[in-house]
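Trainee: I would like to go through the salt bridges of this model. Can we take them one at a time?

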Amino acid sequence: GRGCGPGLGGRLGGDNESAANMGSLMSALTTSCLMAPCIFLMQASGGATVVVIDFERAVADAPGAKDAITKITTFRDEQVKAITAKQKEAQDLESRLRVQGGTLNEAARTKLTQNLETTRTTIQSMGEEAQKKLAELEQQLIAPIEQKTATAVRAYAAEHGVKIVLDASTLQSGLVYVHDTADITTEIIRRIARDLQNPGQQ
């Protein structure tokens, strides 16, 4: 089977945290929505054949993936823009309190403080909603493609007596040498396209 890590992680939000935490917010939203790479272990009959797949690329290049990724990226960018604008509002309010606080009357200072707290709460809510929606979009649009890719890998392993399939997107530099014939990424992408065109032959 395939054990995958979580998708986009971290809480999206904004409050009275440092600029470093605000940076974490942007990092969480701008992290690619592509899935976490994994390692397949296939038990099949035959020799101890080992092959390699770049699972991340196989999913990204599978039919329908580009449209899915575009939808997620567009939503993510919209949320980043909206949250950034709201953060700027909070910064402006903080600046006004810092610069003008001593000269404002109590009612004006209280109102400004309340506006700042409301803005921070809004940023928090916007971040949490964006994170939730991104997770939903990944589940709706990317997870089915991951499943099709995993199914194609298992079918290939069963047909060719492969016992182990290594994920190059996980191992990266850990793969010292891979012969071209051992890389099945392109073949898996082709199989996914074929299966979509001929669903009855899966």
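Trainee: Is R191 buried or exposed?

Mentor: This is a predicted model, in which local features need pLDDT of at least 70, side-chain atom pairs count only at pLDDT 80 or more, and totals for chains, interfaces and linings use all residues. Residues are numbered from 1 along each chain as its sequence is written, and side-chain values use heavy atoms, leaving out hydrogens and water. Buried means under 20% relative accessible area, exposed over 50%, and partly exposed in between (1.4 Å probe, protein chains only). With a relative accessible area of 5%, R191 is therefore buried.

Trainee: Which residue meets R191 in a salt bridge?

Mentor: A salt bridge here is a side-chain nitrogen of Lys or Arg within 4 Å of a carboxyl oxygen of Asp or Glu. The N to O distance for the R191 pair is 2.6 Å. The partner is E159.

Trainee: Where do R191 and E159 lie?

Mentor: Helices are DSSP runs (H or I, at least four residues), numbered from the N terminus. The two residues are 32 apart, and the pair links distant parts of the chain. R191 is in helix 6 (residues 185-197) and E159 in helix 4.

Trainee: How far apart are the closest N and O atoms of E94 and R120?

Mentor: E94 is partly exposed at 25%, whereas R120 is buried at 11%. Their salt bridge has its closest N and O atoms separated by 2.8 Å.
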